[in-house]
Every structure is written in C-alpha cells, then in structure tokens.
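Q: Can you walk me through the side-chain contacts in this one? I'd like to start with the charged pairs.

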Amino acid sequence: TDKGCREGTSVQLSDSNWASVFGKDGCDNGAFDTSKKTGGDIKELQVLSEAGATGVKWVPNSGAAELIGELKEQKGKLVRLFAAWDDQRSRIIVGQGTFNDELPNESQDEIYAAKKVGSKFQLTQLRPTGTGPVARYGSCAAYVYDKDAGLDGVFILGGQEGAPERIPATTYKEDWWLDFKKNATNGEWVNLTGRFDNMDNFGARREGGCAYDAASKTFYSWMGRTSGTYPDSSRRSPGVWRVNLAQLGDSASKLSWERLAKDNTKGLEGRRLFPSIWDAANKRIIVVAGRGGSDELSAFRDAWAIYPDVTGEACSNLDIFAPYR
C-alpha cells in the first residue's frame, strides 16, 4: 500500500516512444537510491503495433546518465512536475514539482532539459531570463511549435504551493509561457495570465491533464483540482476547456478559455494525477485512472474517452472502439 513507482509524469517523445519522468518509490530501481530504492529516474518505453512483450517494452539501459543539483541531492524523487517534449531540439523540458507536497519549501521552481545521448538522458539546468513563476507543484504543460505563428515554447498552466494536508494552500490562477524563440537554449519567462479575458471563469487549477493539438492550434485542459470559487465549479473537476493559441505570438491580442464541459458535470467523477493523453489521430482525450481524494484508496480504475467536438445525436451514435478495429 502506498508504494511503487508513482507520481511521475509521462511524456510522448515520438509516434512510438514515451518517457516516464522522475517520480518516487522505486522509479529508479535502485540506480540512484541504492539503499532504500525509492529514487526517481527517466525511463523510456516503446509502444509498437503488437500488444505484447515484443511490441510494448522498456528501452534497454534507458535512464538519466546522472542527476544534477537538487535532483541529485533528493535522488530524483521529484513528483507532480510538468514535462514536455521539445521536438525542435529533441529534449524533454522538465520543471517545477515537489519532493514533498506537504512541505512548502520542498516545492521547486527549477527548469531542466533532458537530451538523449545513446540510450541515456543527459540533464542540464536551464536558466530562463525574465521573472518566472514562484515554486509550485501540480502544474501541467505542453510544448507548442508553430512556425507561421512564430511560436516556440512551453505553455504552463496552474499549480499549487506546498502545504500540509488539509491546510489551506494557494492554487494558482495563472498561465505562463516559456519562450524559446528569443532564447533557444534557456528560454524566457512570459506571464500570460493578463492576456486572458475570462480567467475568473476558468479559475485556479492543479494536477489535471493538458495537451496541445498542432493541427487546430489548440491547447486543451481537462479535469484536475480547482479552487471551486467560480461559476459551475467543483473542487474535483470532470470539466474540459480549450484555448486557441493562433494569436499567442501577438502580444496585443487577447486570449479566451472556451468551456466544453462544466466542472460540475453530472455522471462523471472529477479526478487528478492521471497522464495527459491527446489522441491526435482521432481528435479525442483519453483519461485513464487517476485519484479522487487524498489517499491511495481513492484511486480510480476506469478509462474514459472525451471527444471535444462531438455533441448531440452524434454523441449517442459514437463508436468509441472504432479506432481499434
């Protein structure tokens, strides 16, 4: 109970490969925490067409070559972090998170890059210019690249400060942009919150899912925990929102969150701490498991498909298993 590799972040590297980024309780299999074996690591998983041992397998000898900075001191046990794949530079961008969500000073604001060299990931700490967000965990992020729109960076949503269980803590009603267009290596921090004309309706959020759909230039946010103080709110949200980022590169343009499903939608329990999965081929969100309450007994075992653009009668006739046939 309450053990096993957990609370890391999954990130898609290519059509076939994913990575499990840090986490605790043995994600490193003893590589960095040799005594207690509770360390974290970056492990790569390959998912091919065969649903068996030959098609779904861990990449041999994958992992971080070595840990640096706070990651080294804490043996990689970073949890509830954000991670996104920068496909223009073939690197994972890793940031924020916490080594203990009940201690405020364990929340992090550092940003790292993990670049694959052979089968291993080489870590470097990034030092973005500008004033960045305060330390937090539970934020969600996706890499956004659009050459025509002049976009090259990571869109980062929400998060929360560390605090003991049941002690009120600030959940952040913020949107941030880590811009690599001007500073390709380290990036530049830009606070986007003021550019949204309806942040009060969207509210503060943490530990939900998010993804960017390049075809529609749209960033999606779904489920997670919310502040619960805005219209149609719920602390455990089953809601779905999106924002079109086509005008993100124009600093004078306003942005707006579009609500697709209320945060108090009936018939579906809100949840958090699940992987962010956007099925680009079928234009749908996949929600697998997650956690409802604060302990391990509140974990879900179900799976859902959310179709952002399917409504009315089309929803009733939807064949969710069609892609598998």
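**Side-chain contacts**

A: Asp-232 is partly exposed, with a relative accessible area of 30%. Bear in mind that this is a predicted model.

Q: What does Asp-232 pair with in a salt bridge?

A: The partner is Lys-262, at 3.9 Å from N to O. Lys-262 is in the loop between S18 and strand S19 (277-279), while Asp-232 is in the loop between S16 and S17, and the two are 30 residues apart.

Q: And Lys-262, how accessible is that?

A: Its relative accessible area is 37%, so Lys-262 is partly exposed.

Q: Which residue forms a salt bridge with Asp-309?

A: Arg-242, with the closest N and O atoms 3.0 Å apart. This pair links distant parts of the chain, 67 residues apart: Asp-309 lies in the loop between strand S21 (303-306) and H3, and Arg-242 in strand S17.

Q: Buried or exposed, for Arg-242?

A: Arg-242 counts as buried because its relative accessibility is 14%, under the 20% cut-off. Asp-309 is exposed, at 56%.

Q: How many salt bridges does the count come to?

A: The count is 23. Among them is Asp-279 with Arg-284, at 2.9 Å from N to O, and both of those residues are buried. There is also a network of salt bridges that includes Arg-6, Glu-7, Asp-25 and Arg-80.

Q: Switching to aromatics. How many pairs?

A: There are 9 aromatic pairs. One is Phe-155 with Phe-219, a tilted pair with 4.4 Å between centres and 45° between the planes. Phe-155 sits in strand S11 (residues 151-157) and Phe-219 in strand S16 (residues 218-226), 64 residues apart.

Q: What about Phe-196 and Trp-257?

A: They are stacked, 5.3 Å centre to centre with 15° between the planes. The two are 61 residues apart, Phe-196 being in the loop between strand S13 (188-191) and helix H2 (199-202) and Trp-257 in the loop between strand S17 (236-244) and strand S18 (258-261).

Q: Why do Phe-196 and Trp-257 count as buried?

A: Phe-196 is buried because its relative accessible area is 6%, and Trp-257 because its relative accessibility is 3%.

Q: Which residues form the aromatic cluster?

A: Phe-155, Phe-196, Phe-202, Phe-219, Trp-241 and Trp-257 form one cluster. The charged end of Arg-205 sits over the ring of Phe-202, 4.3 Å from its centre.

Q: Last one: what makes the nonpolar surface patch?

A: Leu-318, Ile-320, Phe-321 and Tyr-324 make a patch of about 410 Å². Ile-320 is in the segment after helix H3 (313-316) and is partly exposed, at 35% relative accessible area.

Notes: Residues are numbered from 1 along each chain as its sequence is written. This is a predicted model: local features need pLDDT of at least 70, side-chain atom pairs count only at pLDDT 80 or more; totals for chains, interfaces and linings use all residues. Side-chain values use heavy atoms; hydrogens and water are left out. Patches are made of residues with over 30% relative accessible area and no salt bridge: like charges are joined within 9 Å, nonpolar side chains (Val, Leu, Ile, Met, Phe, Trp, Tyr) within 5 Å. Accessible areas come from the Shrake-Rupley method with a 1.4 Å probe; for residues, only the protein chains shown count as cover. A salt bridge is a side-chain nitrogen of Lys or Arg within 4 Å of a carboxyl oxygen of Asp or Glu. Helices (H or I, at least four residues) and strands (E, at least two) are DSSP runs, numbered from the N terminus. Buried means under 20% relative accessible area, exposed over 50%, partly exposed in between (1.4 Å probe, protein chains only). Rings of Phe, Tyr and Trp (its six-membered ring) pair if their centres lie within 6.5 Å; planes under 30 degrees apart count as stacked, over 60 as edge-to-face and the rest as tilted. A charge sits over a ring if NZ of Lys or CZ of Arg is within 6 Å of the ring centre and within 35 degrees of the ring normal.
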